[in-house]
Amino acid sequence: MMKTLRIGTRSSALAMAQSAWVAEQLEQAGYQTQLVTVSTPGDRSMAPIAEIGVGVFTSALREALAGGEVDVAVHSFKDLPTEPDPRLSEAAVPVREDPRDALIARDGLTLGELPPGSVVGTGSPRRASQLQALGLGLEVRGIRGNVDTRMRKVTDGEVDAVVLARAGLARVGRLEVITETLDPLQMLPAPAQGALAVECRVDDVDTEHLLQSVLDDPASRAAVAAERAMLAALEAGCSAPIGALAEVVEDLDEDGRVAQRLSIRGVVATDDHQLVRASATGETTAAEQLGRDLAAELLDARAALLSGPGQ
Ligand SMILES: NCc1[nH]cc(CCC(=O)O)c1CC(=O)O
């Protein structure tokens, strides 16, 4: 008799949808699963994320996994701290959803159609600085809450628009509310946005192997590894808002043959909402080095900008 895999999940609609999707993939591969909800301080508090800290959504779930209450934990990868947890294994990175950010504006408006002075609600410094840098005269207001709460602020007229991850809306079946999917040239997503991390205990090699064989997507794993390596390297050098997007693309290798390569773009903001951008392409097998190299380039460019004329 095969044991039932207990899958730990947060109780929000988004977390439940993600965990149910993971459970379904495992069931289809012939495994028995059970969802176990774990409440986290991030779900209970309405304080700004900047005050309660990264990892508020994921640490309680990780403790439940490490303590043996559940066998598998499903996280939004972008909510995981870059510091690895030695007790746990990132067993699978499933196929990533569309990583882009999306605008939900009143009256079906796009960013360019919002009149100057329009209020856009977001609690994310990354989204705020990229919105300010567009030069559209938008006013950014800090908001928090789950996907439903944030969308309601538009319907109630409290703000003219909000920016949310497209992936979150896709997972809860609400893509129809989007009025514009933002081009990464204007708005680079958070590192690992749209990807899931499926974890198990590091000593539970059977579960690790089955999660990897059923759920892991190597291209998504490489992209996320590059973005998070960039983030980790930048966190050491600054606390500014950071966006990143890596994609596996078809490119020509040194002999002119078509090969899979990893392409990454990154952005870092300065305190006065100026943006520094950089991009690079490398081997999919050296994803983390590519991310670290891009971080070094961004830090140099930012230092040059801050020490430049007029500063
Ligand atoms: N910070 C909360 C959070 N964590 C993951 C997602 C969306 C799903 C994803 O990016 O995988 C969201 C909501 C949002 O940013 O709009």
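Reader: Which residues does Val95 touch, leaving out those up to four places away in sequence?
Author: Val95 touches Leu215, Asp217 and Ser220. This is a predicted model, so that contact is read from predicted coordinates.

Reader: How far apart are the C-alpha atoms of Val95 and Ser220?
Author: They are separated by 5.8 Å, although Val95 and Ser220 are 125 residues apart along the chain.

Reader: Where is Val95 found?
Author: Val95 is in the loop between β4 (88-92) and β5 (101-105).

Reader: Is Val95 buried or exposed?
Author: Val95 is exposed, because its relative accessible area is 58% and the cut-off for exposed is over 50%.

Reader: Next, β5. Where does Leu103 lie, and is Leu103 buried or exposed?
Author: Leu103 lies in strand β5. Its relative accessibility is 0%, so Leu103 counts as buried.

Reader: What does Leu103 touch?
Author: Leaving out residues up to four places away in sequence, the contacts of Leu103 include Leu109, Leu111 and Leu114. Also among them are Ala161, Val162 and Val163, as well as Ile178, Thr179 and Glu180.

Reader: Which loop holds Asp107?
Author: Asp107 lies in the loop between β5 and β6. Asp107 has a positive phi of about 55°, although it is not a glycine.

Reader: Buried or exposed, for Asp107?
Author: Asp107 has 66% relative accessibility, so it counts as exposed.

Reader: What about Ala192, what is its phi?
Author: The phi of Ala192 is positive, about 75°, and Ala192 is not a glycine either. Ala192 sits in the loop between β9 (180-181) and β10 (196-201). With a relative accessible area of 0%, Ala192 is buried.

Reader: Change of topic. Where is Thr122?
Author: Thr122 is in the loop between β6 (119-121) and α5 (125-133).

Reader: Why does Thr122 count as buried?
Author: Thr122 counts as buried because its relative accessible area is 5%, and buried means under 20%.

Reader: What does the side chain of Thr122 reach?
Author: The side chain of Thr122 reaches the backbone nitrogen of Ser124, at 3.1 Å.

Reader: And which residues does Thr122 touch?
Author: Among them are Arg127, Ala128 and Leu131, and also Val140, Arg141, Gly142 and Ile143; residues up to four places away in sequence are not counted.

Reader: Which residues of α5 are buried?
Author: The buried residues of α5 are Arg126, Arg127, Ala128, Ser129, Gln130 and Leu131. After α5 comes Gly135, which has a positive phi near 70°.

Reader: Tell me about Gln130. Which backbone nitrogen lies 2.8 Å from its side chain?
Author: The backbone nitrogen of Leu188 lies 2.8 Å from a polar atom of the Gln130 side chain. Gln130 itself is in helix α5, and Gln130 is buried, with a relative accessible area of 2%.

Reader: What else does Gln130 touch?
Author: Besides Leu188, Gln130 touches Gln186, Met187, Val267, Leu275 and Arg277, not counting residues up to four places away in sequence.

Reader: One more loop. Where is Asp156, and is Asp156 buried or exposed?
Author: Asp156 is found in the loop between α6 (147-155) and β8 (161-165). Asp156 is exposed, with a relative accessible area of 57%. The C-alpha atoms of Asp156 and Arg106 are separated by 9.7 Å, and the two residues are 50 apart along the chain.

Reader: Now the whole chain. How many helices and strands?
Author: The protein chain has 10 helices and 13 strands. Its radius of gyration is 20 Å, close to the 19 Å that the globule rule gives for 311 residues, so the chain is as compact as a globular protein of that length.

Reader: What share of the residues is buried?
Author: Of the 311 residues, 47% count as buried. The chain exposes about 14,300 Å², and carbon and sulfur atoms supply 50% of that area.

Reader: And how many charged side chains, positive and negative?
Author: There are 29 positive and 46 negative side chains, and the centres of the two sets lie 4 Å apart.

Key: Residues numbered from 1 in each chain as written. Predicted model: local features only at pLDDT ≥ 70, side-chain atom pairs only at ≥ 80, totals over all residues. Heavy atoms only, no water. Helix = DSSP H or I, 4+ residues; strand = E, 2+ residues; numbered from the N terminus. Rg over C-alpha atoms; globule rule 2.2 N^0.38 Å. Buried < 20%, exposed > 50% of the residue type's maximum accessible area, 1.4 Å probe, protein only. Areas by Shrake-Rupley, 256 points an atom, 1.4 Å probe, with all protein chains shown as cover. Lys, Arg positive; Asp, Glu negative; His and termini not counted. Charge placed at Lys NZ, Arg CZ, Asp CG, Glu CD. Polar contact = N/O pair within 3.5 Å; in protein donor to acceptor, adjacent residues only side chain to side chain. Contact = heavy atoms within 4.5 Å.
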